[in-house]
Amino acid sequence: MNDSTSTAATGKGNMIWGILMLICGFLAITLPLASGIGVAIVIGWLLLISGVWHLLFGFRSGSGVGGFLWQLLLAIVYGAAGLMLLFYPLAGLAWLTLVLATFLLIEAALEFVLYFNAIITLLLGILIWARWPFSSVWAIGTLIGVSLIFSGISRLMLSSALSREARAAV
């Protein structure tokens with residue numbers, strides 16, 4: 001397989017991923033509550049796995065009783081948070097939305113000094129915060145959808161550029 005064939009295959013793979021990301025992005029925006037709950041469940045599993053990891057690390061670290069107790073405490077916190085998200089994903093989504101709004105407000109305040117466009121981030125944070133917990137229904141799912149759409153567009157543009165490059169190389 002020569003370089004142009006490899007580049008064309010990579011371009012087609014990126015194009016397929018780009019189209020899939022666009023479809024998922026539009027679905028996430030169309031069904032923001034479902035996609036938000038999906039995100040809460042994924043984060044719940046990640047927290048639960050992290051809790052198990054901290055527990056295993058505590059047994060294997062050999063850092064004494066203090067280190068073990070610290071890892072045990074972290075394991076309990078991560079595990080409990082993960083289980084709460086898995087058992088109560090809608091309540092978890094509400095808390096994740098509150099954390100997101102707080103993050104956006106803090107980010108906007110920090111970026112305000114550096115960038116004028118931080119006003120958009122600030123307004124988004126205020127909008128989500130002011131409408132919480134009702135913003136839980138749309139905020140995370142919509143933002144994930146928008147992110148997927150932009151990622152899909154980037155992949156499509158990359159695959160298009162790679163395809164043009166492959167055709168020009170032949």
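Start by selecting P133, which sits in the loop between α5 (118–130) and α6 (139–169). Keep in mind as you look around that this is a predicted model. For background, most peptide bonds are trans.

Next, go to helix α4 (residues 89–112) and pick out A94. Is A94 buried or exposed? Its relative accessible area is 13%, and buried means under 20%, so A94 counts as buried.

Now colour two helices: α2 (residues 32–60) and α3 (residues 64–87). How do α2 and α3 run relative to each other? They pack at an angle of about 160°, and their axes are 7 Å apart. Angles over 145 degrees count as roughly antiparallel, so that is the label for α2 and α3.

For the last stop, select L27 in helix α1 (residues 3–30). L27 has a relative accessible area of 47%, so it is partly exposed. Then widen the selection to M15, I16, W17, I19, L20, I23 and L31: together with L27, these residues form a nonpolar patch on the surface. Show them as a surface to see the patch, which has about 770 Å² of accessible area in total.

Key:
Residues are numbered from 1 along each chain as its sequence is written. This is a predicted model: local features need pLDDT of at least 70, side-chain atom pairs count only at pLDDT 80 or more; totals for chains, interfaces and linings use all residues. Side-chain values use heavy atoms; hydrogens and water are left out. Patches are made of residues with over 30% relative accessible area and no salt bridge: like charges are joined within 9 Å, nonpolar side chains (Val, Leu, Ile, Met, Phe, Trp, Tyr) within 5 Å. Accessible areas come from the Shrake-Rupley method with a 1.4 Å probe; for residues, only the protein chains shown count as cover. A salt bridge is a side-chain nitrogen of Lys or Arg within 4 Å of a carboxyl oxygen of Asp or Glu. Helices (H or I, at least four residues) and strands (E, at least two) are DSSP runs, numbered from the N terminus. Buried means under 20% relative accessible area, exposed over 50%, partly exposed in between (1.4 Å probe, protein chains only). Axes are lines fitted to C-alpha atoms, for helices over the stretch in contact, and angles run from 0 to 180 degrees between N-to-C directions. Angles under 35 degrees count as roughly parallel, over 145 as roughly antiparallel, 65 to 115 as roughly perpendicular and the rest as oblique.
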